[in-house]
Amino acid sequence: MSEGRLTRQDRQRIAAGLAEGRSYAEIARRLDRPTSTISREVSRNGGPGDYRPERAHQAAARRARRGAPARSPAAEPRDRKVFEVEQGAVEMVIGMGLPKMMARVLIALWLSEDGRLTAAELSHGLKVSPASISMAVRYLTRQSLIRRERDPRRRRDIYVLDDDTWYHSTVISARQTLTAAETAKAAGEALGLDTPVGRRLARGGAFLERISLDLLASAERWRDLPPGVPDRPG
């Protein structure tokens, strides 16, 4: 369906979904529309933080009166595919526990040509404020999902993905779990392994310790895995 077929009620439901913090994909399912239609509608009418249904409806009416600009037949399917890949990736990363804004920034970098974008490019591309980008990249940098480089000539920061992004993130997470395991084991021993609470804490700590050590070993083992390898370890 085209953007011109969205009704005033559709746009009100889009605004309500955005206010509830729902993703484009969720809103699209509620309206029985392609995700790309919702993404395009929101991005051309102020973005998720400034979408106004009545204003968007009036703008669509003006465009309809002027006549829609010619589109390249080959470009539309590709644009739709890019939108769908982007939204699907964002949904996946949110499902893994990353906050929505951080997920959008991370996926924007993953889908960029060389995995390198400035804060200004991220702000413009995602249509969000520089403050939102600053908060997101600070979080992602702390999690080692991205790294920051300085461009001394233009005095600006560039945010970069590299081949070791997931390795570093996995190692940090596993080490945090290992620290929790050591704390639980120590608490169990302090309370006494002959007590129910002590045994429970010690057993939980031992389990977390084993899992985190296995994960660290696996991360080292598969760190240099070449791209496109479909086989799982036997």
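Biologist: Is Asp32 buried or exposed?
Modeller: Asp32 counts as exposed, because its relative accessibility is 61% and exposed means over 50%, with buried under 20% and partly exposed in between (1.4 Å probe, protein chains only). Keep in mind that this is a predicted model: local features need pLDDT of at least 70, side-chain atom pairs count only at pLDDT 80 or more, and totals for chains, interfaces and linings use all residues. Residues are numbered from 1 along each chain as its sequence is written, and side-chain values use heavy atoms, with hydrogens and water left out.

Biologist: Where does Asp32 sit, and what about its phi?
Modeller: Asp32 is in the loop between α2 (24–31) and α3 (35–43). Its phi is positive, about 60°, although Asp32 is not a glycine. Helices here are DSSP runs of H or I with at least four residues, strands are E runs of at least two, and both are numbered from the N terminus.

Biologist: OK, switching to helices. Which one holds Asp10, and what does its side chain touch?
Modeller: Asp10 belongs to helix α1 (residues 8–19). Its side chain makes a polar contact of 2.9 Å with the side chain of Arg33. A polar contact is a pair of N or O atoms within 3.5 Å; within protein, one must be able to donate a hydrogen and the other to accept it, and residues adjacent in sequence count only if both atoms are side-chain atoms.

Biologist: Buried or exposed, that Asp10?
Modeller: Buried, with a relative accessible area of 10%.

Biologist: And Ala136, where is that?
Modeller: In helix α8 (residues 130–142). Ala136 counts as buried, at 0% relative accessibility.

Biologist: How many cavities of 30 Å³ or more turn up?
Modeller: The search of the whole structure finds 1. The largest cavity holds about 50 Å³ of space. On a 1 Å grid over the protein atoms alone, a cavity is a set of points where a 1.4 Å probe fits but cannot get out, and lining residues have an atom within 4 Å of a point.

Biologist: Which residues line it?
Modeller: Ser23, Tyr24, Gln87, Val90, Glu91, Lys100 and Arg104 line the largest cavity. Two or more of the lining residues come from each of α5 (75–95) and α6 (100–110), and α5 gives the most, with 3 residues. By type, the lining has 2 nonpolar, 2 polar and 3 charged residues.

Biologist: Now the sheet. What's the strand order?
Modeller: β1-β3-β2, in an open sheet of 3 strands with antiparallel pairing; two strands pair if DSSP finds at least two bridges between them. β1 (116–118) and β2 (147–151) are at the edges with a single partner strand each, so one side of each has no neighbour in the sheet.

Biologist: How many bridges between β1 and β3?
Modeller: 3, with β3 covering residues 156–160. Arg116 stands opposite Val160 in β3.

Biologist: And the chain overall, how many helices and strands?
Modeller: 10 helices and 3 strands. Buried residues make up 34% of the 234 residues in the chain.

Note on methods. 1 Å grid on protein atoms, 1.4 Å probe; cavity = no way out; pocket = protein on both sides within 12 Å on 5 of 7 lines; lining within 4 Å. Points joined across faces, edges and corners; volume = space filled by probe spheres on them. Nonpolar A, V, L, I, M, F, W, Y, C, P; charged D, E, K, R; others polar.
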